[in-house]
Amino acid sequence: MVCLGNICRSPLAEGILKHQLPIIRVDSAGTAGYHIGAAPDSRSIAVARINGIDISTLKARKFHIEDFDNFTHIFVMDRNNYQDVLAMARNENDRAKVALIDPQQREVPDPYYGGKEDFEYVFDMLNAACKNIVLTMNAN
Ligand code: 4NP
């Protein structure tokens, strides 16, 4: 799960997918390094907690090339993340792993400068997107 800062959207996506499908390995990262080592944004922690998911112990890290080797799927939140991750891809195999998380190819909006409602909107969007991932994985 990849976003820009790895403190708002992608930690939520990580927590939601782990919650829905505990047997798979899920991790998250940011394309930028501003918040390395930081816990998720308090508003992401809060909206997750209300929905029964604890993301408070996650720590931000930057996306790195080895993630292409360590993961089968790389889900990004928006088109900027998509471009930034694709720019690091070494070959077609790497590129093929990268996809927008929303099945309708909508961007998950950055809630960082928004309010509680924006984090609730992001949670709902990611919850639906993760359900779709689980369905797709069960079908394969
Ligand atoms: P995220 O949100 O990419 O969903 O973690 C952001 C967090 C921090 C910043 C931007 C987006 N920032 O510019 O510090």
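Colleague: How much space lies in the second largest pocket?
Modeller: This is a predicted model, in which local features need pLDDT of at least 70 and side-chain atom pairs pLDDT 80 or more, while totals for chains, interfaces and linings use all residues. Residues are numbered from 1 along each chain as its sequence is written, and side-chain values use heavy atoms, without hydrogens and water. A pocket is an open set of points on a 1 Å grid over the protein atoms alone, where a 1.4 Å probe fits, with protein on both sides within 12 Å along at least five of seven lines. Counting the space filled by probe spheres set on the joined points, the second largest pocket holds about 160 Å³.

Colleague: Which pocket is the space taken by the ligand?
Modeller: A molecule sits in a pocket if more than half of its atoms lie within 2 Å of its grid points. The lining (an atom within 4 Å of a point) of the second largest pocket includes Cys 3, Tyr 34 and Tyr 113. Around the ligand (a heavy atom within 4 Å) are residues including Cys 3, Asn 6 and Tyr 34. The ligand takes up the second largest pocket.

Colleague: How far is an oxygen atom of the ligand from a backbone N or O atom of Leu 4?
Modeller: Polar contacts are pairs of N or O atoms within 3.5 Å. A ligand oxygen lies 3.2 Å from a polar backbone atom of Asn 6, and one lies 3.0 Å from such an atom of Ile 7. For Leu 4, the distance is 2.9 Å.

Colleague: What share of the ligand's accessible area does the protein cover?
Modeller: On its own, the ligand has 350 Å² of accessible area (Shrake-Rupley, 1.4 Å probe).

Colleague: Which residues are the closest to the centre of the largest pocket?
Modeller: About 320 Å³ of space lies in the largest pocket. Its lining has 19 residues. The closest to its centre are Arg 25, Val 26, Phe 71, Thr 72 and His 73.

Definitions and conventions. A polar contact is a pair of N or O atoms within 3.5 Å; within protein, one must be able to donate a hydrogen and the other to accept it, and residues adjacent in sequence count only if both atoms are side-chain atoms.
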